[in-house]
Structures are given as C-alpha cells and as structure tokens.
Amino acid sequence: MTLPSLLELTPSQEAVVMLPFDGRHLVTGPPGSGKTVTAAYRAWALATVGRPTALVTHSNLLSQRTTHISARLSEGIRITTFHRWLRTFWNDNFACNPPSDDAGEWSYDWAAMLDSCIDRPPSRVDDLVIDEGQELPPDFYRLCRFLAVRITVFADEDLGLGEGQTGLASIGRILRTGGDPRLLSGNLRSTREIALLANIFRVRPPVDPEPLPHRTGDKAVLLHCRHPDAFLAQLSQFIAANPDHSIGIICRSTELQREIHRRLAVRGFATSVESYVSSDINRSVVDFSSHRVHVIHTASMKGMEFDAVFAPDLDAYPEDPTGASARRRFRVMCTRARNALYLVHYNRQEPEIVADVPHDLLERRHI
C-alpha cells in the first residue's frame, strides 16, 4: 500500500484531518475506510504547526507498517506502540517505568499512575493520535483526560480483538468528546465480493447501511486440499503468477507460520517471503519495502492489508460461529484482502464458520 496524496483523500477523510487541533476527538469507520491513512495525515497536520505529536498503534507490526507508508510524512511525528509510548512518557517524566499491577509488567497500576500525576504533573505530554483505539484500556483514556491531552482516537469496536478493549461510547464518555463520533464512510480497500462475504460476520448491523464498494472482482474461495503439499503448490503457483501482488498468509499458530515460511523458501521464494513473530527477536522486524509475501499471526493482523490473503488453517477455527469473538476475528481476517481471498481446509467437512455461507458468496474448489 502507498499513501495517497492530500488531494486524493475523500471528503470525510479530509474533514477529520482538519478537525480543530485543540480538544479531544473520536473517529470511526468500517474496514477499508482509511482510518490508518487518515490517522497518519492527522498526526502530520498536528506536527506541521510545531506540536510534539505521537501516532500510537496497538501492535508492533502495525507500527512498522504505518512507519513504512508514512515515510514522507514522518518528520515531526513519532510513530510508536501503546506500550512503548507509555513507557517513554513515564520515564521522561518520572525517571522510571510505569508501575505495574499483579498481572505483570504489561498490565499497569492505573490508580498509582494517576496518583503520581496528581503529585507531580508531567511537564510534557505529546499530542496523541491513536489508531485502533478500541484495543486500549479505558483507564488509559481516563489518564489522558486528567492530563488534558489533545487526542484524536480512531476506533471501530466491531473489529476489536483483544481483551479489555473499550467501546466507542465508553471512549467518547471518558474523553468527553461530545456528540457522535466522526464517521469515515465507505470501503476503499476490498472488492464488492469480499465486502459482501465479510459483512456476513458482522456482530451487529450498522446504524446506517454502509455502501458497498463499486470495485468488483472474483468471489472468495473455500479451498479443500487433500494434503498440505497440495496447498503449498497452489500457493507457490499464485506467488509466481502474481509478481506485483502483496500477499498475506494469516495463521493461528506460530508453528504453522514457521513451517509455511520454511517451505516457501525451499521452493525458491526466500527473497520474497518474510514472517512476523512478535516473540522471536529474529522475526520481530519486517521490511515492507523489499518483501511482498508476509506470513503473520491472527493476533497481528489488525490494520494490515494485502492484495491477496490466504488463511491456510481454517480447520483451526473451532469456536462457535455464532460467538462474537469468532465472528469478529473472521471478519477482520476477510477484510485484510483487497482483491483475492482464499480460505483453506483439509478435513472432509467444511469448517462450521463458513459451512452456511451461500455459494454465490463463497466459491468451493477441491485440489
């Protein structure tokens, strides 16, 4: 993905970029509406008037992707993760790491943090632009309100994946943004066919019907493979036949990530493929400029987008397909794809999460 120019922003995106620089703002929009792009331009707009500005994401991979697409805007903007920003802020103002609670170093004692800020108010707080704000805890927003942080939050609670996330209404109430969230309209990413499939997995219907994309393409494919070798052959053929495509392979286990990466490298794609594994120091940094095939975990897929997406382990989606978490996860995965989506399973029976999807929305193939 490349960053559009200012002249290519939609009217709703431009209106968000130019919101008043003071105050606290909440922005929402469906998948593909350009929340990350608009967040990058919003941070740039704040930085151009000399404000110290941080663009905060919920994951390390999203932070790296945002840095990649925003390279020409990055002067004056610090793009970072939530945990990294919070620790830097606390060390700058209190010369120590933020206090943690009994759940571990990544779980914070927000009451103690608030007491510290009351006793010794911080001398410097960035203007904040938050991407995927639904993934951050409500106590973080309470701290921001106390500190009178100028903040713009981009969030979509229908796509939240983590525990302890915060709904739009709660973010607005805590920050006292006033009124309804600003809306980024339309799906600018996916084809109509992919959007129609993804909409099946919505947890709740939208307040107002969302317009479907005008761009059309092929239906998503449910691929029944007799053996993993058959899938790897199909995947290799697709990679070779589409040299200009970015390809995301989204797995539910790091073991499968490593196996697919290894086998693609053996098949001659070592210079094209890259894996992201947050817990592996050798695979925690990716290069979006030189690799076009990315093998990632479902935990890191928020904010990503690829020309084509493969889900190679649909048999590993055993949850109740009527459950909210399963539907959210599956919708997020589907909406990462711009043009092509392949869902792969090996068991004879179709995975329950897609078994009832009609054939006019999901093509079935066997190899």
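Me: Two strands count as paired once DSSP finds at least two bridges between them; how many bridges link S13 and strand S14 (residues 337-345)?

Reply: S13 and S14 are joined by 5 bridges in the parallel sense, where strands (E, at least two residues) and helices (H or I, at least four residues) are DSSP runs numbered from the N terminus. In S14, Tyr342 is the bridge partner of Phe310.

Me: What kind of model is this, and how are residues numbered?

Reply: It is a predicted model, in which local features need pLDDT of at least 70 and side-chain atom pairs count only at pLDDT 80 or more, while totals for chains, interfaces and linings use all residues. Residues are numbered from 1 along each chain as its sequence is written, and side-chain values use heavy atoms, with hydrogens and water left out.

Me: Which sheet do S13 and S14 belong to?

Reply: They sit in an open sheet of 7 strands with parallel pairing, ordered S11-S12-S10-S13-S14-S9-S15. Strand S11 (273-275) and strand S15 (362-366) are at the edges, because each has a single partner strand and so one side of each lacks a neighbour in the sheet. From one strand to the next, the twist averages 20 degrees.

Me: And S10, is that strand buried or exposed?

Reply: Strand S10 (residues 247-251) is mostly covered, with 5 of its 5 residues buried, buried meaning under 20% relative accessible area, exposed over 50% and partly exposed in between, for a 1.4 Å probe and protein chains only. Ile247, Ile249 and Cys251 point one way from S10, whereas Gly248 and Ile250 point the other way.

Me: What does S10 pair with?

Reply: S10 pairs in the parallel sense with strand S12 (residues 293-297) over 5 bridges, Ile247 standing opposite Val293. Another 3 bridges join S10, again in parallel, to strand S13 (residues 306-311), where Val309 is the bridge partner of Gly248.

Me: Switching topic: why does Ser236 count as buried, and what does Ser236 touch?

Reply: Ser236, which lies in helix H9 (residues 228-241), counts as buried because its relative accessibility is 8%. Leaving aside residues up to four places away in sequence, Ser236 touches Leu264, Arg267 and Phe269, a contact being heavy atoms within 4.5 Å.

Me: What about the sheet that holds S1?

Reply: That open sheet has 6 strands in the order S3-S2-S6-S7-S1-S8, with parallel pairing, and its edge strands are S3 (77-81) and S8 (182-183). Helix H3 (residues 60-69) packs on the sheet, touching strand S2 (53-57) and S3, with its direction about 155 degrees from that of S3; the axes are lines fitted to C-alpha atoms, for helices over the stretch in contact, and angles run from 0 to 180 degrees between N-to-C directions.

Definitions and conventions. Pairing = 2+ DSSP bridges.
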